[in-house]
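Hello,

Please find the structure we talked about below. My notes on what was found follow it.

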Amino acid sequence: MSFSGEDHQYMSRAIELASRGLYTTDPNPRVGCVIVNNGAVVGEGWHKRAGEGHAEVNALTQAGEKAEGATVYVSLEPCCHQGKTPPCTDALINANVDRVVAGMQDPNPAVAGNGLQQLTNAGIFAEVGLLETAAHELNPGFIQRMKTSRPYVRSKLAMSIDGRTAMNNGESKWITSDAARQDVHRLRARSSAIVTGAGTVLADDPAMTARLDGIERQPLRVIIDTNLSTPADANILKQEGQTHILTCSDDEDSIELLSNAGANVIKLPMAHNQVDLFAMMDYLNGLEVNEVLLETGATLSGAMLEAQLIDELIIYMAPIVMGNEARGLFRLPHLQSMGDRIELSLLESRAVGNDLRLTFLPQYK
């Protein structure tokens, strides 16, 4: 399938528009749309938030009658099912557009090629696969959840140049620069949920919120707390929105205390003397969580890595040395030989302030 230079230009614009919904569309995918007629852009739109108009409908509204005979560039295959809003395929057919180019097929089983087929059956020339990689990068969590019924997990860690995350006494503020910490807030803002462990809550008393100007949606906060050791006055429980505490404990007094403090306490099965991590992922899938940001210490991050539940590692490396007595990135006691090692593929390396941000993809065996 061959696409022209103009096709690439307009799809690039559709992807740029989609990125405007990076912090707002959850749990829906981020989608952008551009409508072109006789070489001129007559309509643009993007999906802003769940329950509101999809990108195609917003672009069609702007285009009006000029949509007739036009080419529509949309970063994700138009939906063909009734959800909170009507099918976008119906809107495109009713507008009498001539051609639809989609960046990628919708992974949602309710669509998955049916939207494009519906357009084709109506006499509209429909194509897919233009700038597919860029379109995919917009929605890794939505895509993974639709295909595997589990969220996409990013693990965020900060370390010294010698691979240490905290001094031996637990002191860790601050390893990285202000610029790196601001970058973390952007990661939080795009995430559906932030997952941490009770040990991190006890050690640092974090808020686990996205502190950026203009943010209108805070991610869910999730604490893995096997024995219910989270204090009822923890800072994380005082923030806007709900905090979910996942536990194996039957301690009714602690459950009542934390529930009265605003937490949603959920009992899950135990595995390896902790909350079953796969049950945790199932729970998050049930909440329509697309992207998880894992912000925790060496024990939980090591357990998640060992369970092959981390999809992406983002490590901020500061130009400091903390010494061999300081704490490491992961607790992985079962790695005993070089044959057990977990290999990583470097996806990106860039400077953030005075620190280095390294993005890796684990290469599980």
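**Glutamate 44 and its surroundings**

Glutamate 44 has a relative accessible area of 22%, so it counts as partly exposed. Keep in mind throughout that this is a predicted model. Glutamate 44 forms a salt bridge with arginine 13, and the closest N and O atoms of the two are 2.9 Å apart. Because glutamate 44 lies in strand β2 and arginine 13 in helix α1, the pair ties together parts that are 31 residues apart in sequence. Arginine 13 is partly exposed too, with a relative accessible area of 22%. On the strand side, glutamate 44 stands opposite valine 34.

**The sheet**

Strand β2 (residues 40-46) belongs to an open sheet of five strands, in the order β2-β1-β3-β4-β5, with mixed pairing. The edge strands are β2 and β5 (125-128), each of which pairs on one side only. From one strand to the next, the twist averages 15 degrees.

The pairings found here are as follows:

- β1 and β2 run antiparallel and are joined by six bridges. The two strands form a hairpin with two residues between them, and asparagine 38 in the turn has a positive phi of about 55 degrees.
- β1 also pairs with strand β3 (residues 71-74), in the antiparallel sense and over four bridges. In this pairing, isoleucine 35 stands opposite valine 72 of β3.
- Strand β4 (residues 99-102) pairs with β5 in the parallel sense, over four bridges. Here valine 100 stands opposite alanine 126 of β5.

Helix α4 (residues 114-121) packs on the sheet and touches β4 and β5; its direction makes about 155 degrees with that of β5. Helix α1 (residues 5-18) lies across β1, β2, β3 and β4, and runs at about 145 degrees to β1.

How enclosed is strand β1 (residues 32-37)? Six of its six residues are buried, so β1 is largely enclosed by the rest of the structure. The burial applies to both faces: Gly32, Val34 and Val36 point one way, Cys33, Ile35 and Asn37 point the other way, and all are buried.

**Helix α7**

Helix α7 (residues 178-190) has 13 residues. From its first C-alpha to its last it reaches 19 Å, close to the 18 Å expected at 1.5 Å a residue. The buried residues in α7 are Ala180, Arg181, Asp183, Val184, His185, Leu187, Arg188, Ala189 and Arg190. For reading that list, recall that an α-helix has 3.6 residues a turn, so residues three or four places apart point the same way.

**Cysteines**

How many disulfides are there? The count comes to zero, with a cut-off of 2.5 Å between the sulfur atoms. One pair deserves a separate entry. The sulfur of cysteine 79 is 3.7 Å from the closest cysteine sulfur, that of cysteine 88, which is too far for a bond. Cysteine 79 counts as buried because its relative accessibility is 7%. Cysteine 88 is buried as well, with a relative accessible area of 1%.

**Other salt bridges**

Side chains of opposite charge can pair when their charged atoms come close. A search of the whole structure finds 20 salt bridges. Besides the pair described at the start, two further ones are listed here.

- Glutamate 52 forms a salt bridge with arginine 49, with the closest N and O atoms 3.0 Å apart. Glutamate 52 counts as partly exposed at 33% relative accessibility, and arginine 49 counts as partly exposed at 28%.
- Arginine 350 forms a salt bridge with glutamate 348, with the closest N and O atoms 3.7 Å apart. Arginine 350 is partly exposed, with a relative accessible area of 32%, and glutamate 348 counts as partly exposed at 33% relative accessibility.

There is also a network: Arg30, Arg154, Arg190, Glu291 and Glu312 are joined by salt bridges that share partners. Of these residues, Arg190 was mentioned above among the buried residues of α7.

Regards

How values were computed. Residues are numbered from 1 along each chain as its sequence is written. This is a predicted model: local features need pLDDT of at least 70, side-chain atom pairs count only at pLDDT 80 or more; totals for chains, interfaces and linings use all residues. Side-chain values use heavy atoms; hydrogens and water are left out. The expected span of a helix is 1.5 Å times one less than its number of residues. Buried means under 20% relative accessible area, exposed over 50%, partly exposed in between (1.4 Å probe, protein chains only). Two strands pair if DSSP finds at least two bridges between them. Axes are lines fitted to C-alpha atoms, for helices over the stretch in contact, and angles run from 0 to 180 degrees between N-to-C directions. Contact means heavy atoms within 4.5 Å. A salt bridge is a side-chain nitrogen of Lys or Arg within 4 Å of a carboxyl oxygen of Asp or Glu.
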